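I opened this one to see how its parts are held together. These are my notes, in the order I looked things up.

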Amino acid sequence: MRAAQRQGRARRKMSAQGDCEFLVKRARELVPGDLWAAKAWLITARSLYPADFNIQYEMYTIERNAERTASAGRLLYDMFVNFPDQPAVWREISVITSALRNDSQDKQTQFLRGLFETLPGRIQCEMLLKATEQCFNTLERAEMLLLLLRRFPETVVQHGVGLGETLLDAESIEDQESPVNCFRKLFVCDVLPLIINNPDVRLPASLLYKYLNKAAEFYINYVTRSTQTESQYQGSQDSSDIMSPSKRSSQKYVIDGLTEKSSQITDPWERLFKILSVVGMRCEWQMDKGRRSFGDILHRMKDLCRYISNFDSDAHAKYKNQVVYSTMLVFFKNAFQYVSNIQPSLFQGPNAPNQTPLVLLEDVTNIYGDTDIDRNKHIHKKRKLAEGREKTMQSSDDEDPSGKARSRHITVNKADLANSIEVLESFKLARESWELLYSLESLDKEFTRICLSWKTDTWLWLRIFLTDMIIYQGQYKKAISSLHHLAALQGSHSPQQITGQGSLENQRALIQLATCHFALGEYRQTCEKVLDLMCCILLPIQEGGKVQEEQPKVKSKFRKGSDLKLWPCTSRAIMPYCLHLLLACFKLRAFTDSRDDMALGHVVVLLQHEWPRGENLFLKAINKICQQGNFQYENFFNYVTNIDMLEEFAYLRTQEGGKIHLELLPNQAMLIKTSSPPMGLLQQEFIPVLQPSIQTADRHHTVTRGITKGVKEDFRLAMERQVSRCGENLMVVLHRFCINEKILLLQTLA
């Protein structure tokens with residue numbers, strides 16, 4: 001009998017199941033033609049079989065497809081309560097939670113979000129918690145739990161810290177190479193603000209400092225990431241806003257594991273300093289809400305350092321952390337601000353707007369001396385030679401090139417850097433922050449520990465700042481070591497550098513090495529680096545038509561106390577600076593008591609640049625030649641093409657000029673017989689048009705006037721031939737001088 005009863009129940013169950021399937025099938029058939037009839041069938045079926053899941057799910061499907069938010073939400077609620085173990089329910093919940101996490105704004109996604117909003121808050125919370133439990137992927141689980149924490153802040157106390165630690169553990173387990181990864185991003189940008197801004201979450205100070213450290217490392221690496229390590233940039237950048245990489249025009253950066261939108265962070269520096277402020281209040285730092293600028297923060301930290309040693313051990317540790325983290329963030333922010341302005345391509349990539357890169361150098365623009373001259377006069381035409389020599393001696397310039405006796409100032413042309421005041425202020429704040437961090441042993445130890453853990457010695461941009469800071473401090477030997485470190489970093493960051501960027505980095509290193517050696521009085525090494533740099537400036541063929549290019553204008557008067565300058569790191573600007581350095585090196589050798597005709601001849605060649613700024617120094621050279629009674633420089637006719645200099649040397653051969661014995665002729669076969677400038681040496685930026693002030697015929701008459709009577713024919717012919725070369729491009733001549741005479745120039749300074 002029992003067997004018969006079981007069989008009867010089974011038949012009735014099968015019959016009921018068959019009836020349900022029939023009703024559901026019938027409803028589906030009616031949906032396309034008569035939706036209301038289909039719903040009527042399902043309502044009847046539900047009243048007959050309230051415990052059947054398929055009937056309820058079919059009703060939900062109809063309402064969902066019709067995008068009836070309220071009715072679909074009620075049915076989903078019933079299914080979640082009554083059939084919590086059905087896979088179809090969790091598939092639906094998974095689709096809805098994905099829509100909640102999705103950045104898309106399409107119609108279907110918005111409907112699903114609206115459907116979720118119709119559910120009671122308690123059900124939403126329970127649904128998200130259970131959905132989280134079913135996630136086995138760490139990142140997906142974290143995003144789901146984060147959704148819960150944002151919607152229900154009361155859950156932060158229970159789940160916030162645990163989620164944060166899970167993300168940090170996942171970062172460690174996954175062995176992420178960079179702190180800019182999906183796990184750290186979710187922790188720093190999404191989870192951490194929820195934790196520290198919730199007063200009900202009690203955190204020990206040690207954990208707060210740990211979280212602040214993680215946040216600072218992430219944000220600084222995010223902002224200062226180099227384009228050399230990114231492959232997903234698109235478009236170009238707007239260099240006017242360096243506060244936020246997300247504001248860099250249309251350029252997009254995607255963190256692996258996150259969507260494009262999730263990878264963009266607005267105002268990262270502002271977010272970081274906000275975290276610093278909240279952590280400071282939680283740790284009971286000495287906060288001053290009225291002070292907001294970086295200068296104010298730094299001033300406050302300096303005051304705190306004055307009496308930090310008076311506190312007991314606990315208070316000392318607390319305020320030590322306040323000084324270290326506050327000062328450290330001011331340092332990194334301002335150091336980045338400085339570097340991103342002087343070398344924008346490091347952060348903006350090859351598609352950046354044409355913003356001139358700058359390099360910090362010793363200012364040697366005063367190499368000619370401070371005495372102004374009347375540029376409309378040629379000395380020997382207006383007064384006797386002896387009078388000229390006397391005036392020249394009075395205006396000679398033998399200043400100390402080291403600059404150590406003066407206070408350090410940095411100048412920059414407004415045309416090269418529009419926001420120069422802000423950039424120099426950033427450099428000052430970063431420098432003072434660095435000095436404060438190393439002013440006390442306890443601060444030094446903690447800051448060094450943080451830097452080691454962050455591997456800041458591998459940050460190329462930071463090494464650029466530190467090198468400039470060391471140069472500013474006048475520690476030139478240390479600066480040379482820093483430049484070698486910088487060169488090693490450049491090699492490790494970009495083994496196959498783009499030619500333009502590699503050339504820029506190479507030029508920057510060489511010119512800064514040269515300026516450091518010069519400041520140390522190591523003139524041969526200075527010359528060596530300058531000539532190496534000259535060899536790097538390989539320039540295209542000069543076109544037939546001359547193109548007029550202005551050289552960087554430099555004031556003739558030297559600003560007292562200003563011995564550093566941010567100089568454009570371009571070939572057009574660097575070559576004149578190189579010529580200044582060479583002149584400075586040979587000038588010191590040429591005007592000593594001992595005789596050195598070779599150095600004096602090099603000075604004469606180099607003084608042609610920016611003529612007549614160096615006219616008084618040239619007259620000093622003429623005076624020395626007259627005192628010697630003779631002068632030998634066989635490269636004279638290879639590189640001296642300045643008409644005023646030719647005229648002065650021609651005058652020296654005359655009776656009135658003192659009949660000075662000049663040995664200026666090399667072997668006759670080596671004389672340059674063509675007035676055509678060499679091709680392929682200089683870019684068009686080095687091809688200014690030399691506008692002759694007088695006609696060649698008049699020049700010929702002036703130069704040869706004093707030497708056509710009774711002088712050697714070869715000297716007369718050489719001088720006449722040289723006059724015909726006065727129209728040559730001077731930069732081409734001087735560049736050829738540096739390249740061809742490299743060995744001779746170095747030997748002169750040996």
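**Entry 1: overview.** First thing to note: this is a predicted model. I counted secondary structure and got 33 helices and 5 strands in the protein. Then I looked at burial: of the 750 residues, 53% count as buried. I also checked how far apart in sequence the contacts reach. Among contacts between residues at least 6 apart, 75% join residues at least 24 apart.

**Entry 2: the cores.** Which residues have the most contacts inside the largest nonpolar core? My list reads Ile220, Met328, Phe331, Phe332, Tyr338, Trp461 and Phe465, in a core of 139 residues. Helix H15 gives the most to this core, with 15 residues. I picked Phe331 from the list and looked up its contacts, leaving aside neighbours within four places in sequence. Phe331 touches Ala430, Ser433, Trp434, Phe447, Leu462, Phe465 and Leu466. Phe465 turns up here as a contact of Phe331, and Phe465 is also on the list for the core. There is a second, separate core of 74 residues, and I noted Phe518, Leu582, Tyr639 and Cys738 among its members.

**Entry 3: rings.** I searched the whole structure for aromatic pairs and found 35. One of them is Phe332 with Phe447, a tilted pair at 6.4 Å centre to centre with 45° between the planes. Buried or exposed, I asked of Phe332? Phe332 is buried, at a relative accessible area of 0%, and for Phe447 I also have buried, at 0%.

Next I noted Phe631 and Tyr633, which form a stacked pair: 6.4 Å centre to centre, 25° between the planes. Phe631 and Tyr633 are both buried.

I then looked for charges over rings. The charged end of Arg225 sits over the ring of Tyr222, 4.4 Å from the ring centre. Lys620 does this with Phe591: its charged end is over the ring, 4.7 Å from the centre.

Entry 4: How many strands form the open sheet, and in what order? I get 3 strands, ordered E1-E3-E2, with mixed pairing. E1 and E2 are the edge strands, each pairing on one side only. Strand E1 (residues 358-362) is joined to E3 by 5 bridges and runs antiparallel to it. Strand E2 (residues 410-411) is joined to E3 by 2 bridges and runs parallel to it.

Lys565 in E3 is the partner of Leu361. Leu564 in E3 is the partner of Glu362, and Leu564 is also the partner of Ile410.

**Entry 5: helix H29.** Another enclosed element. In H29 (residues 643-652), 9 of the 10 residues are buried, so the rest of the structure largely encloses this helix. At the N-terminal end of H29 I found a cap: a side-chain oxygen of Asn642 lies 2.9 Å from the backbone nitrogen of Asp644.

Entry 6: Where is Pro612 placed? Pro612 is in the loop between helix H26 (597-606) and helix H27 (615-628). The peptide bond from Trp611 to Pro612 is cis, with omega near 15°.

I also looked up positive phi values. Asp267, a residue other than glycine, has phi near 45°. Asp267 lies in the loop between helix H12 (260-263) and helix H13 (268-282), and is partly exposed, with a relative accessible area of 22%. Lys455, also other than glycine, has phi near 55°. Lys455 sits in the loop between H20 and helix H21 (460-472), and is exposed at a relative accessible area of 56%.

Key. Residues are numbered from 1 along each chain as its sequence is written. This is a predicted model: local features need pLDDT of at least 70, side-chain atom pairs count only at pLDDT 80 or more; totals for chains, interfaces and linings use all residues. Side-chain values use heavy atoms; hydrogens and water are left out. Rings of Phe, Tyr and Trp (its six-membered ring) pair if their centres lie within 6.5 Å; planes under 30 degrees apart count as stacked, over 60 as edge-to-face and the rest as tilted. Buried means under 20% relative accessible area, exposed over 50%, partly exposed in between (1.4 Å probe, protein chains only). A charge sits over a ring if NZ of Lys or CZ of Arg is within 6 Å of the ring centre and within 35 degrees of the ring normal. A nonpolar core is a set of buried Ala, Val, Leu, Ile, Met, Phe, Trp, Tyr and Cys residues joined through side-chain atoms within 4.5 Å. Helices (H or I, at least four residues) and strands (E, at least two) are DSSP runs, numbered from the N terminus. Contact means heavy atoms within 4.5 Å. A polar contact is a pair of N or O atoms within 3.5 Å; within protein, one must be able to donate a hydrogen and the other to accept it, and residues adjacent in sequence count only if both atoms are side-chain atoms. Two strands pair if DSSP finds at least two bridges between them.
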